[in-house]
Protein chains: 2
Amino acid sequence: MSDTKRVTAAVPIIGNEILSGRTHDANLPYLGAELNKLGIQMREARVVADIEEEIIGTVNTLRAKYDYVFTTGGIGPTHDDITSACVAKAFGQKLIRHPDAERILRERMAQMDVEVTEARLKMAETPEFAELVDNSISGAPGFRVENVYVMAGIPRVMQAMFEGLKDQLEGGVTLLSVTVGSYVPEGTIATELGLMQDAYPDMDIGSYPFFFDGKPGTNLVLRGPDQARLDEAATKLGELIRNLGGQPVAGGLEVPKSKD
Amino acid sequence: MSDTKRVTAAVPIIGNEILSGRTHDANLPYLGAELNKLGIQMREARVVADIEEEIIGTVNTLRAKYDYVFTTGGIGPTHDDITSACVAKAFGQKLIRHPDAERILRERMAQMDVEVTEARLKMAETPEFAELVDNSISGAPGFRVENVYVMAGIPRVMQAMFEGLKDQLEGGVTLLSVTVGSYVPEGTIATELGLMQDAYPDMDIGSYPFFFDGKPGTNLVLRGPDQARLDEAATKLGELIRNLGGQPVAGGLEVPKSKD
């Protein structure tokens with residue numbers, strides 16, 4: 001909780017369907033933005049297939065390297081949902097049917113009037129020393145083991161789980177951002193921008209080119225922990241843009257996201 | 001090119017803006033789907049920050065592990081575009097200003113009547129023994145070193161580069177898919193589905209639950225190299241769904257993508 005401590009996170013995104021292109025991941029952008037609000041910086045994400053050794057290796061690498069790990073996907077009732085078993089193995093813990101999770105699931109199934117099946121009860125399996133994470137949407141809980149949070153892949157459920165667990169997280173410095181846009185193309189401002197980055201090593205200067213309204217331009221995003229420093233840098237950036245014949249726009253230019 | 005050879009690929013997605021949630025990656029789903037058409041299976045993706053040692057380590061790990069690596073992002077003119085320099089280091093090659101790339105860029109700048117800047121010429125830098133990849137959209141080429149293709153992050157440009165390079169790729173077996181949907185919930189069909197997966201180890205059975213029109217259901221996707229085997233399995237799946245009181249829908253049920 002110190003003013004300058006950097007707290008980091010990584011996300012294993014688990015599922016063949018993300019790699020095949022069938023499903024577009026929506027969890028990384030959500031978690032990247034939400035974690036930053038809490039003073040936790042997303043540093044890496046890995047999309048891995050439903051293959052045991054890949055999931056175990058990824059979880060073990062990332063939990064050693066970052067303060068927090070948030071897995072998404074692979075905790076449903078079917079044969080290809082192997083995340084819970086893999087996380088148990090990653091920690092060398094037994095996979096158990098968690099009594100509280102089982103109770104929650106049975107209550108939910110009674111409420112929804114659906115049949116209690118072995119497959120549905122599989123969603124109560126967790127590593128032996130896991131702590132449950134509440135799922136206000138569909139019942140079946142996520143869980144935490146040490147610094148690893150295991151969450152659903154369906155965005156609405158993942159977001160509900162994250163809302164329920166986020167008060168447990170200890171953040172460090174929150175990165176603030178200031179955006180300045182203009183129709184000065186990236187290739188025109190790049191050299192000066194590099195010099196500015198050298199002069200402000202305490203912030204990241206990101207450059208996002210666009211082509212809009214028939215003209216190339218750039219949105220420049222300054223990110224750092226200190227609002228006064230960001231404002232100072234943004235002012236200099238405005239001068240720089242004017243010197244290059246442009247008109248700086250605070251907050252950046254609203255342009256359509258480059259898709260297709 | 002054998003009938004059964006599995007050819008694999010991985011994608012390092014390079015850029016702080018993907019991790020912060022500012023930009024949504026659109027390249028992984030595109031590449032996952034396009035590569036499969038060529039008989040190349042996407043096996044892993046890593047989203048990494050603009051940090052030299054992370055990019056170098058990721059490229060070296062993935063190029064040893066998979067047949068092909070496709071990087072996206074970080075080849076523009078600004079200080080945070082460090083992919084080319086990192087790939088050169090990953091291969092132990094010098095970073096040079098590639099003469100053909102420089103010629104292409106200078107011609108393009110003359111055509112577009114934009115100023116030749118050092119920053120723009122930075123986009124001509126490649127590892128010493130790189131082979132260029134054509135960019136029909138904005139000129140600045142990508143490149144290949146051994147099994148690593150380095151491409152732009154902007155989807156439209158990346159796609160044009162991929163179109164230009166894909167004839168060079170040697171695929172193996174192409175995975176075909178058959179989808180069967182129904183309003184049988186995942187938790188009802190899961191156990192039988194697991195038994196079916198055991199009976200068909202040559203295919204992957206993926207289960208994608210949805211909630212639509214007030215009812216839960218599941219789309220089941222069978223993926224494998226042999227159409228006759230897929231059709232056989234799909235027929236059995238249809239029987240299974242009927243036995244569980246459902247009505248199988250070939251091609252799956254069209255439901256809105258589960259977004260937040």
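The following legends describe close-up views of a predicted model.

Residues are numbered from 1 along each chain as its sequence is written, and chains are lettered from A in the order in which they are written.

**View 1. Overall make-up of chain A.** Chain A holds nine helices and 12 strands, these being DSSP runs (helices H or I, at least four residues; strands E, at least two) numbered from the N terminus. Its C-alpha atoms fill a box of roughly 70 × 40 × 35 Å along the principal axes. Of the 260 residues of chain A, 49% count as buried (20 or more other C-beta atoms within 10 Å of the residue's own, with C-beta atoms placed from the backbone).

**View 2. Packing of helices H2 and H7 in chain A.** The axes of H2(A) (residues 27-37) and H7(A) (residues 155-165) come within 10 Å and cross at roughly 20 degrees; axes are lines fitted to C-alpha atoms, for helices over the stretch in contact, and angles run from 0 to 180 degrees between N-to-C directions. H2(A) is therefore roughly parallel to H7(A), a term for angles under 35 degrees. The contact (C-beta atoms, placed from the backbone, within 7 Å) involves Asn27(A), Tyr30(A) and Glu34(A) of H2(A) and Pro155(A), Met158(A), Gln159(A) and Phe162(A) of H7(A).

**View 3. The interface between chains A and B.** In this interface, 52 residues of chain B are in contact with 53 residues of chain A. On the side of chain B that touches chain A, H8(B) gives the most, with eight residues. Strand S2 (residues 40-48) of chain A and S2(B) pair in the antiparallel sense over five bridges, where pairing requires at least two DSSP bridges. Arg46(A) stands opposite Arg46(B) in S2(B).

**View 4. The four-stranded open sheet of chain B.** The strand order is S10-S11-S9-S12 in chain B, with antiparallel pairing. The edge strands S10 and S12 (249-250) of chain B each pair on one side only. Strands S9 (residues 176-182) and S11 (residues 215-224) of chain B pair over seven bridges, and Thr179(B) has Val221(B) in S11(B) as its bridge partner. H8(B) packs on the sheet by touching S10 and S11 of chain B, and its direction makes about 170 degrees with that of S10(B). Helix H9 (residues 227-243) of chain B also packs on the sheet, touching S9 and S11 of chain B, with its direction at about 10 degrees to that of S9(B).

Note on methods:
This is a predicted model: local features need pLDDT of at least 70, side-chain atom pairs count only at pLDDT 80 or more; totals for chains, interfaces and linings use all residues. Angles under 35 degrees count as roughly parallel, over 145 as roughly antiparallel, 65 to 115 as roughly perpendicular and the rest as oblique. Two residues are in contact if their C-beta atoms, placed from the backbone, lie within 7 Å. A residue is buried if 20 or more other C-beta atoms lie within 10 Å of its own, exposed if 12 or fewer, and partly exposed in between; C-beta atoms are placed from the backbone.
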